[in-house]
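Q: I am new to this structure and would like to be taken through it. Could we go step by step?

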Amino acid sequence: MDDKFYVSYNTVHKLVKNLAAKILGSGFDPDVIVAIGSGGFIPARIIKTFINRPIYAVGISYYGVDKKHRDHPTKIQWIDEVADQLRGKNVLLIDEVDDTRATLAYCVGELLSYKPQEIAVLVLHNKLKKKDVEFPPEIRRYYPALEIEDKWIKYPWDAEDIDEHTELERRMLEETGEVRI
Ligand code: G4P
Ligand code: MG
């Protein structure tokens with residue numbers, strides 16, 4: 001078995017459900033959900049099942065179409081037309097992974113310029129590693145559903161054969177003795 005970290009759709013759903021409980025339990029009452037595309041789209045839709053708020057989508061990429069790293073995160077699509085909607089609001093920002101933190105921190109910085117009440121950051125996975133960038137002090141609620149070592153995560157939406165992908169997660173959990181959530 002390879003050294004990748006496989007995550008099935010069922011696991012994604014349960015991780016998001018846990019995040020919803022954590023954020024509500026912290027006393028945060030979100031007005032809007034902002035999804036960072038593309039990895040944050042599916043988690044955002046799932047969280048809406050537990051916290052029913054409007055979803056705004058932003059697209060930011062650290063890679064060009066040729067998969068080469070850009071110098072800095074770049075907006076692919078942005079929410080200029082709804083910037084006013086974030087003023088004074090509690091924003092729940094969601095993405096799939098906190099890796100170098102570069103994309104996430106850039107997005108947080110841009111959203112803060114719209115003067116929201118507060119931004120809470122939720123991710124499915126935080127990789128335990130030295131981050132390239134830190135969050136600004138305005139971020140007081142940061143919730144990763146799972147903290148993992150620095151491995152490449154295989155998300156279900158990238159799978160070409162979803163049955164094989166789900167089976168690989170099952171085998172990985174069996175081999176590592178990790179408990180399925
Ligand atoms: P971060 O702020 O969330 O840490 O993101 P970072 O800039 O470090 O990551 C650059 C891109 O690499 C992001 O994709 C991120 O989702 C992706 N990435 C990082 N680690 C993993 C991993 O272990 N597995 C997978 N599948 N992707 C990973 P992006 O440019 O935002 O594109 P998209 O895939 O979200 O569309
Ligand atoms: Mg992403």
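A: We may begin with a definition: a residue is called buried when its relative accessible area is under 20%, exposed when that area is over 50%, and partly exposed in between. This is a predicted model. By that cut-off, eight of the eleven residues of helix α4 (residues 102-112) are buried, so α4 is largely enclosed by the rest of the structure.

Q: Which residues of α4 are buried?

A: They are A102, T103, L104, A105, C107, V108, L111 and L112.

Q: What unit does α4 make with β5 and β6?

A: Strand β5, helix α4 and strand β6 make a right-handed β-α-β unit. The two strands pair in the parallel sense, over eight bridges, and V91 stands opposite I119 in β6.

Q: How many residues of β5 are buried?

A: Nine of the nine residues of strand β5 (residues 90-98) are buried, so the strand is largely enclosed by the rest of the structure. Strand β2 (residues 32-37) also runs parallel to β5, joined to it by four bridges. A35 has I94 in β5 as its bridge partner.

Q: Which residues have a positive phi here?

A: Two examples can be given. R101 has a phi near 75° and is found in the loop between β5 and α4. K115 has a phi near 55° and is found in the loop between α4 and β6.

Q: Is K115 buried or exposed?

A: K115 counts as exposed, because its relative accessibility is 54%. R101, at 10% relative accessibility, counts as buried.

Q: Which salt bridges does R101 form?

A: R101 forms a salt bridge with D98, the closest N and O atoms being 2.8 Å apart. D98 is buried, with a relative accessible area of 0%. R101 also forms a salt bridge with E134, where the closest N and O atoms are 3.0 Å apart. R101 lies in the loop between β5 and α4 and E134 in the loop between β6 and β7, so this pair ties together parts that are 33 residues apart in sequence. Salt bridges that share partners join D98, R101, K131 and E134 into one network.

Q: How many salt bridges are there in total?

A: The count comes to 14 salt bridges. One of them joins the side chains of D3 and K151, at 3.3 Å from N to O. D3 lies in the segment before β1 and K151 in the loop between β7 and β8, so the pair ties together parts that are 148 residues apart in sequence. At 57% relative accessibility D3 counts as exposed, whereas K151, at 17%, counts as buried.

Q: Changing topic, which residues make the nonpolar surface patch?

A: Y9, F41, I42 and I162 make a nonpolar surface patch of about 310 Å². I42 lies in helix α2 (residues 41-50) and counts as partly exposed, at 32% relative accessibility.

Q: Which residues of α2 are buried, and where do they fall around the axis?

A: P43, A44, I46 and I47 are buried in α2. Seen down the axis of α2, the buried residues fall within an arc of 165°, so they line one face of the helix. An α-helix has 3.6 residues a turn, so residues three or four places apart point the same way.

How values were computed: Residues are numbered from 1 along each chain as its sequence is written. Chains are lettered from A and ligands numbered from 1 in the order in which they are written. This is a predicted model: local features need pLDDT of at least 70, side-chain atom pairs count only at pLDDT 80 or more; totals for chains, interfaces and linings use all residues. Side-chain values use heavy atoms; hydrogens and water are left out. Buried means under 20% relative accessible area, exposed over 50%, partly exposed in between (1.4 Å probe, protein chains only). Two strands pair if DSSP finds at least two bridges between them. A crossover is right-handed if, with the strands pointing away from the viewer, the path from the first strand over the helix to the second runs clockwise. Patches are made of residues with over 30% relative accessible area and no salt bridge: like charges are joined within 9 Å, nonpolar side chains (Val, Leu, Ile, Met, Phe, Trp, Tyr) within 5 Å. Accessible areas come from the Shrake-Rupley method with a 1.4 Å probe; for residues, only the protein chains shown count as cover. A salt bridge is a side-chain nitrogen of Lys or Arg within 4 Å of a carboxyl oxygen of Asp or Glu. The arc is that of the directions from the helix axis to the C-beta atoms.
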